[in-house]
Amino acid sequence: MKQRLIEIGGWYGALAIVGAFALSSFSIIKPTDSLYQILNLTGSFGIIAVSLYKRVFQTVALNSIWAIIALVALAKILLNI
């Protein structure tokens, strides 16, 4: 059951990040929209979870940086900085 949830989280992560990119690329949302950053942030968490489980640390590092960028961008959006 745990493995299945982690796999689902990983798939969510991939779909969320690609979905955010697609929505932005087709001008449906902007990178300055909170939805874009939330999809990137939660998507990176999903990929981090599955990558830790499978011990793929390069992907953990990449998505940790991705999450930090999304978190800072989201904070700037919400605080109007």
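Is Glu 7 buried, partly exposed or exposed, and what is its relative accessible area? Before I answer, let me say that this is a predicted model, in which local features need pLDDT of at least 70 and side-chain atom pairs count only at pLDDT 80 or more, while totals for chains, interfaces and linings use all residues. Residues are numbered from 1 along each chain as its sequence is written, and side-chain values use heavy atoms, with hydrogens and water left out.

Glu 7, then, is partly exposed, with a relative accessible area of 23%, where buried stands for under 20%, exposed for over 50% and partly exposed for what lies in between, using a 1.4 Å probe and protein chains only.

The side chain of Glu 7 forms a salt bridge with that of Lys 54, at 3.0 Å from N to O; the term asks for a side-chain nitrogen of Lys or Arg within 4 Å of a carboxyl oxygen of Asp or Glu. This pair connects distant parts of the chain, since Glu 7 sits in helix 1 (residues 2–25) and Lys 54 in helix 2 (residues 34–54), 47 residues apart. Helices here are DSSP runs of H or I with at least four residues, strands are runs of E with at least two, and both are numbered from the N terminus. Lys 54 is also partly exposed, at 49%, and a search of the whole structure finds 1 salt bridge.

Let me turn to the backbone. Ser 27, in the loop between helix 1 and helix 2, has a positive phi of about 60° although it is not a glycine, and Ser 27 is exposed at 66%. Arg 55, in the loop between helix 2 and helix 3 (57–79), likewise has a positive phi, near 60°, and is exposed at 61%.
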